[in-house]
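Here is my note on the model.

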Amino acid sequence: MKNEIEQGRQGVPERIKDRYPQMSRTQRRIADYILDHTDEVCFQSLKEVSTSASTTETTMLKFCALIGYEGFTHFKRELQVYVKQRMSPSETLGTNLRMVRGDPQLYHRLIAAETRSLDLTYAAISPENMEAFVSALGDARRIYVVGHHISELVGRYLTSRLQQIGLDASMMEIEDFYSVEQTVVLAEEDDLFVVIAFPHYFYMTQALVDYLGKAGRRMVCITDRYSAPIAARAAAVLVCNSDHELFYNSITAAASLVNVVASLLVMRDTERFEAHRRKSEEFRMLFREGANGDKDWDTPP
């Protein structure tokens with residue numbers, strides 16, 4: 001059964017076009033109205049769409065069922081998803097504000113959406129996928145993390161967690177061409193690239209992924225769907241839900257994934273983690289003595 005997180009599913013217009021040849025004259029009138037007024041329909045009520053398409057509410061509900069939706073609410077939600085995917089982040093914020101303005105249940109909807117994002121994410125990830133991802137990180141000599149814009153936030157969080165547990169990880173500056181060139185050229189066979197990307201996929205991230213794939217470099221990724229352009233060449237993929245009630249992308253699920261991955265890495269090799277922890281404690285103790293003498297480490301000069 002397909003999970004809702006798979007964003008590569010057919011959009012409303014594609015479903016309508018696929019079934020158009022088999023539709024009656026009335027159904028085609030409804031279809032034409034929706035295809036010609038997509039941005040308006042996603043805000044209209046059942047009554048408003050039915051009136052605008054010169055049909056009845058009952059016929060409109062039958063049309064929704066014909067194209068594979070469980071009622072008008074399901075149809076409208078999927079149409080909103082389709083419209084949002086075509087917009088820039090700022091346009092999406094404006095559109096979503098129109099959708100939720102004045103909603104007395106907005107607070108509860110926001111909380112429910114965050115919870116749902118986590119539920120969808122972990123329902124879609126198999127133990128095998130998680131194990132492949134964690135193993136790739138654990139076996140790597142050095143790890144290079146790639147992210148841009150909101151994905152960079154997730155990348156820096158992941159890098160920090162990996163460093164905290166004793167892995168040799170660093171964040172790549174994807175917009176610095178010379179830095180990227182040096183990193184890729186000097187990387188060795190047992191190094192690993194972790195690419196994190198959500199729509200709109202940054203063109204330099206995609207170019208790097210294409211090169212890594214052609215060069216046979218080891219790569220895993222975190223993204224929003226299995227059909228994402230960065231996923232095809234990855235050895236392991238973790239897919240997480242990035243939908244949000246207002247903003248273009250959410251990193252709730254991605255940040256949660258980072259914590260799960262880091263925890264599994266610790267449990268995978270507790271001896272390495274303990275060795276790193278002891279060395280870190282030794283460094284802190286000696287560094288405090290050398291830097292501050294008798295001063296309290298936490299007291300500013």
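**Notes on cores and salt bridges**

1. Arginine 142 has a relative accessible area of 25% and is therefore partly exposed. The cut-offs: buried is under 20% relative accessible area, exposed over 50%, and partly exposed in between, with a 1.4 Å probe and protein chains only. This is a predicted model, where local features need pLDDT of at least 70 and side-chain atom pairs count only at pLDDT 80 or more, while totals for chains, interfaces and linings use all residues. Residues are numbered from 1 along each chain as its sequence is written, and side-chain values use heavy atoms, leaving out hydrogens and water.

2. Arginine 142 forms a salt bridge with aspartate 168, at 3.3 Å from N to O. A salt bridge here is a side-chain nitrogen of Lys or Arg within 4 Å of a carboxyl oxygen of Asp or Glu. Arginine 142 sits in the loop between H9 and E1, and aspartate 168 in the loop between H10 and E2, so the pair ties together parts 26 residues apart in sequence. Helices (H or I, at least four residues) and strands (E, at least two) are DSSP runs, numbered from the N terminus. Aspartate 168 is partly exposed, at 39% relative accessibility.

3. The structure holds 11 salt bridges. In another of them, aspartate 139 pairs with arginine 268, and the closest N and O atoms are 2.9 Å apart. Aspartate 139 belongs to helix H9 and arginine 268 to helix H13, so this pair links parts 129 residues apart in sequence. Arginine 268 is partly exposed, at 37%.

4. Arginine 277 and glutamate 274 also form a salt bridge, at 2.7 Å from N to O. Both lie in helix H14 (residues 270-292), three residues apart, about one turn of the helix.

5. Now the packing. The largest nonpolar core has 32 residues, of which Phe133, Leu137, Ile143, Leu162 and Val194 touch the most other members. Such a core is a set of buried Ala, Val, Leu, Ile, Met, Phe, Trp, Tyr and Cys residues joined through side-chain atoms within 4.5 Å. Elements supplying at least two residues each include helix H9 (127-139), strand E1 (143-146) and helix H13 (252-268). H13 gives the largest share, seven residues.

6. Which residues does phenylalanine 133 contact, leaving aside neighbours within four places in sequence? They are Val194, Val220, Cys221, Ile222, Ala236, Leu238 and Val261. Contact means heavy atoms within 4.5 Å.
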